Amino acid sequence: MLAERPPTPSKALTGIQGLDEITGGGLPAGRPTLICGTAGCGKTMLAMEFLVRGATQFGEPGVFMMFEENAAELSANVRPLGFDLEKLAAQKMILLDYVHIERSQIEETGEYNLEGLFIRLGHAIDSIGAKRVVLDTVEALFSGLPNHAILRAELRRLFRWLKDRGMTAVITGEKGDATITRYGLEEYVADCVIVLDQRIAEQICTRRLRVVKYRGTAHGTNEYPFLIGERGFSVLPITSVHLDHKASAARVPTGIARLDEMLGGKGVFRGSSVLVSGSPGTGKSSIGAKFVDAACRRGENALLFAYEESSAQIVRNMRSIGIDLEPWLEKGLLEIHASRPTLHGLEQHLVMMHDAVRAFRPSVVAVDPISNLTLGRHDLDVKPTLMRLIDFLKQQEITTLFTCLSSDGGATPEDSQLGVSSLMDTWLLLRNVEFNGERNRTIYVLKSRGMAHSNQVREFVLSDAGICLVDVYAGADRVLTGAARVAQETHERTAAEVRRQGHQRRLLRLAGRRKAIEAQIAALQAEAESGAAEVSFAIAQQTLQEQATQQSTQAMTQLRGGAAGGNGRVKEEQLPT
Amino acid sequence: MTFQVARPAQATAAAAAIFELRLYVAGQTAKSIAAIANLKRICETHLAGQYRIEVIDLTKTPQLAAGDQIIAVPTLVRRLPEPVKKILGDLSNEERVLVGLDVQPARI
């Protein structure tokens, strides 16, 4: 984000995650900044990181003048964050100077000033060519030097002097009761004041940062939660004020084929957020696990934040439904961050997520469940912080699946107790359906922005073969699932079989009748044929008889002397043969 | 506080070891010059023959400031006898300097 925006010339980048965004490019360059807060809120860490990052990332050497702990203690304290002060000191990028005043050793007589401190600091700056200076905590001088009038005058001179030398300085101060700092340092350091705060709400501590004042520049004025994590200081950035993330048309399969089918046949959009809500035991975690498993199968990085089960427990439990996450963990494609929600406040969890996402660069993230993060918190806090997280993930084009526990028997299952549903692009609802002495899971797509999606309720079946979605039995007046569905289906199958056999029988009978009719036809035909034969036989017989008669007549005629001898009729009866 | 009940000078000299003193100043300022003058006078008066003074000008040798944890100038450091003591200021108040150095004032 910062790379796109050229830093204002008068600002010095801190390199601290989030802080540069809030301050719009860093601390005022060449001017002092006051960082104050209560004990243990991270002032020294912030100052140290400012110096270390200045030295390592921006090539600006720095002097760390400490008044409370010595160099060895400080080095040991920041080593867990990966800051090697000894090495940086050897490279002359950082100079540590421990200023120690033992009150009991000191006696005052007559006038003095703090020129010694100026000379020390000046010498330190010159010896490494420092651009950055940290004074941690200069207020310790107040307990060391009895004459506060001199001290105040000298501190004023010191800050002026730092400014004149063009040092980007960080001065830490302890928080006072009524004032920003106990000794009123804010009077002298007027350019930029950052307050760190540590608050306990319901036994959970949250650290917050606020830029109280930043002369001559716009800055974020809100309180931003921050974390001192494994990679140092991290302030939750305010990227959520921009709603300008790209919208990808690419689709990401959920890992459950039938579910993808319900979502326009291709799954959810890349970079979108998916909410899976449901009452306990409806299979939310399984969908989450399948989702990361599918991403790993595609060779993509997946990150799973688990707030209910440990990493090993998830791996074991998911194996029971045919999802083996272990190979992905071994290959480094999958990271499971399991922690108790009560470990931190919500904001702190989100900062941790930020850190993990930035470090691991996953393409999908699953949070299981998001509702646990809100234990004992007001809904009011939850939404804006979640919005920040979602916006952040969207900007990175990371597809995210959140599971969310909703209580059974609520007024409507659509009640999303976090009020986050409006932030989600796709919402899958899992429900328990109790009927006929058994409980079954159903799933449906409540919404899915920007795509055609099924309006059908599917039965959600978890077995050792994995997850599958089955069409429910949608009868005339009800929807059946589980055994009832199976029974209904069996019943229907039987009925169909009976019907089928009935048809068969009727067909057979029809065929028989047809055969009988054909036989009848054949018999009639035979009868007809035999009748015809008799007729022709009779005709033939008659012909023969007639011929015979004729012949006998002729013979008679000839015998009686021919035509003359007759009465003339004989001639007419003669047939032309 | 008064110092009328002081012991004889010999007793003080015998009891006290050599005073190794270091005066840190920054340049030839009025305060520096006053401090040097005051210190010499006090030492001559009360610690004759038992002291060593080293004046360090931090504007010339700034690296020496860290060693004795100097932040204010002028600072007088009593390095010996132990424990180390520091007296800030131009040493104009002789009584306080003597208290700071833990020296019984010599009776004149």
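User: What should I know before I start?

Analyst: This is a predicted model, where local features need pLDDT of at least 70 and side-chain atom pairs count only at pLDDT 80 or more, while totals for chains, interfaces and linings use all residues. Residues are numbered from 1 along each chain as its sequence is written, with chains lettered from A and ligands numbered from 1 in the order in which they are written.

User: What's the mean pLDDT of chain A?

Analyst: The mean is 82, and 88% of the residues of chain A reach 70 or more. pLDDT is the predictor's confidence in each residue, from 0 to 100. Over residues 1–8 of chain A, pLDDT stays under 50.

User: Ok, chains A and B. How many residues are in contact there?

Analyst: 21 residues of chain A are in contact with 30 residues of chain B. Two residues are in contact if their C-beta atoms, placed from the backbone, lie within 7 Å.

User: Which element of chain A gives the most to that side?

Analyst: Helix 5 of chain A does, with 7 residues. Strand 6 (106–108) and helix 5 (115–128) of chain A each supply at least two. Helices (H or I, at least four residues) and strands (E, at least two) are DSSP runs, numbered from the N terminus.

User: And by class, what's on that side of chain A?

Analyst: There are 7 nonpolar, 8 polar and 6 charged residues. Ala, Val, Leu, Ile, Met, Phe, Trp, Tyr, Cys and Pro count as nonpolar, Asp, Glu, Lys and Arg as charged, and the others, Gly among them, as polar.

User: Tell me more about helix 5. Which of its residues are buried?

Analyst: Among them are L117(A), F118(A) and I119(A), plus the charged-class E115(A) and R120(A). A residue is buried if 20 or more other C-beta atoms lie within 10 Å of its own, exposed if 12 or fewer, and partly exposed in between, with C-beta atoms placed from the backbone.

User: What covers them?

Analyst: The cover includes strand 4 (62–66), strand 5 (94–98), strand 7 (132–136) and helix 7 (148–164) of chain A, together with strand 1 (19–25) and strand 3 (75–80) of chain B. Just after helix 5 of chain A, G129(A) takes a positive phi of about 65°.

User: Back to strand 6 of chain A. What does it pair with?

Analyst: Strand 4 (residues 85–88) of chain B, running parallel and joined by 3 bridges. Two strands pair if DSSP finds at least two bridges between them. In that pairing, I106(A) stands opposite K86(B).

User: What order do the strands of that sheet come in?

Analyst: The order is 6(A)-4(B)-3(B)-1(B)-2(B), an open sheet of 5 strands with mixed pairing. Strand 6 of chain A and strand 2 (51–57) of chain B stand at the edges with a single partner strand each, so one side of each has no neighbour in the sheet. Strand 1 and strand 2 of chain B run parallel, with 7 bridges joining them, and V25(B) stands opposite D57(B).

User: New topic: V138(A). Buried or exposed?

Analyst: V138(A) is buried, because 26 other C-beta atoms lie within 10 Å. V138(A) is found in the loop between strand 7 and helix 6 (140–144) of chain A. Leaving aside neighbours within four places in sequence, V138(A) is in contact with F67(A), L155(A) and I171(A).

User: How about K394(A), buried or exposed?

Analyst: K394(A) is buried, with 24 other C-beta atoms within 10 Å. K394(A) is found in helix 13 (residues 379–395) of chain A. Beyond four places in sequence, K394(A) is in contact with H245(A) and G271(A).

User: Last one: how many residues of strand 19 of chain A are buried?

Analyst: 6 of the 7 residues of strand 19 (residues 399–405) are buried, so the strand is largely enclosed by the rest of the structure. Strand 15 (residues 273–278) of chain A runs parallel to strand 19, joined by 6 bridges, and L275(A) has F402(A) as bridge partner. Strand 18 (residues 364–368) of chain A also pairs with strand 19 in the parallel sense, over 4 bridges, and V365(A) stands opposite T400(A).

User: Which sheet is that?

Analyst: An open sheet of 9 strands in chain A, in the order 17-16-18-19-15-20-21-22-23, with mixed pairing. The edge strands are strand 17 (334–338) and strand 23 (466–471), each pairing on one side only.
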